[in-house]
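Hi everyone, thanks for coming. Please have a look at the sequence and the structure on the screen, and then I'll walk you through a few spots.

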Amino acid sequence: MNASRAARGGDNRDRLLRAAVRAFAERGFHGTTTRDIAAAAGLSPAGVYVHHRSKEELLYQISHSGHERTLAMVRDAVARADTPVDQLRGVVGDFARHHAEENTSARVVNYELAALSPEHVAEIRELRREISNELRELVERGVADGSFDCPRPRIAATAVLSLGVDIARWYREDGDLSPDDLAAAYVDIALRVVGAR
């Protein structure tokens with residue numbers, strides 16, 4: 001395959017993924033057909049199957065890459081700072097900002113999991129466990145060194161993550177809060193949840 005043809009194939013795959021995100025966000029997985037996705041991507045319905053085995057595989061790729069990006073984002077935020085307080089500021093700020101800026105794809109990534117096959121759900125759950133563990137370990141480090149006064153670190157970490165994930169459900173670009181405003185507010189809330197000193 002020549003380079004031009006390979007580039008077109010990659011472009012078509014990307015267009016299909018973007019179209020699937022929009023369609024799943026608007027209609028839900030079960031309310032979206034492969035015809036809807038193909039039309040939004042400017043391809044024939046058969047074009048979907050050239051690049052993806054099924055509609056479910058499209059959802060899996062969207063969800064898998066979204067969770068991998070989130071895990072990397074959390075780890076990067078932890079690596080950028082030296083103290084648990086500053087690490088939590090970075091994680092929560094980045095997490096909230098991401099769920100606001102990328103609210104359409106984040107809605108699909110977080111709220112369409114039930115449509116995945118059992119094997120794919122298992123993979124996504126493992127990534128979600130890794131994300132949760134990163135935040136739980138961060139809160140536990142803060143409790144251990146006295147930065148946080150938090151008797152239930154696991155529940156506190158889950159609460160902080162849940163708050164951030166839910167942004168994708170309600171956030172709208174034309175609302176009163178910018179992603180940066182929201183990130184700052186969520187950092188303040190998260191520091192209160194963990195009892196930051």
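**Around L113**

Let's begin with L113: setting aside its neighbours within four places in sequence, it is in contact (heavy atoms within 4.5 Å) with S63, H67, V121, I124 and R128. Before I go on, a word on the model: it is predicted, so local features need pLDDT of at least 70 and side-chain atom pairs count only at pLDDT 80 or more, while totals for chains, interfaces and linings use all residues. Residues are numbered from 1 along each chain as its sequence is written, and side-chain values use heavy atoms, with hydrogens and water left out.

Helices here are DSSP runs of H or I with at least four residues, strands are runs of E with at least two, and both are numbered from the N terminus. Y60 is 53 residues from L113 in sequence, yet their C-alpha atoms are 8.5 Å apart in space.

Is L113 buried, partly exposed or exposed? L113 counts as partly exposed because its relative accessible area is 21%; buried means under 20%, exposed over 50%, and partly exposed in between, using a 1.4 Å probe and protein chains only.

Now over to the rings. There are two aromatic pairs in the structure. One of them joins F24 and F29, and it is tilted, with 5.3 Å centre to centre and 50 degrees between the planes. For a pair, ring centres of Phe, Tyr or Trp (its six-membered ring) lie within 6.5 Å; planes under 30 degrees apart are stacked, over 60 edge-to-face, and the rest tilted. F24 has 1% relative accessibility, so F24 is buried. F29 is buried too, at 7% relative accessible area.

Finally, let's step back to the whole chain. How many helices and strands does the protein chain have? The count is nine helices and zero strands. Along its principal axes, the C-alpha trace spans about 60 × 35 × 35 Å. Of the 197 residues in the protein chain, 48% are buried. Among contacts with a separation of 6 or more, 70% are between residues 24 or more positions apart.
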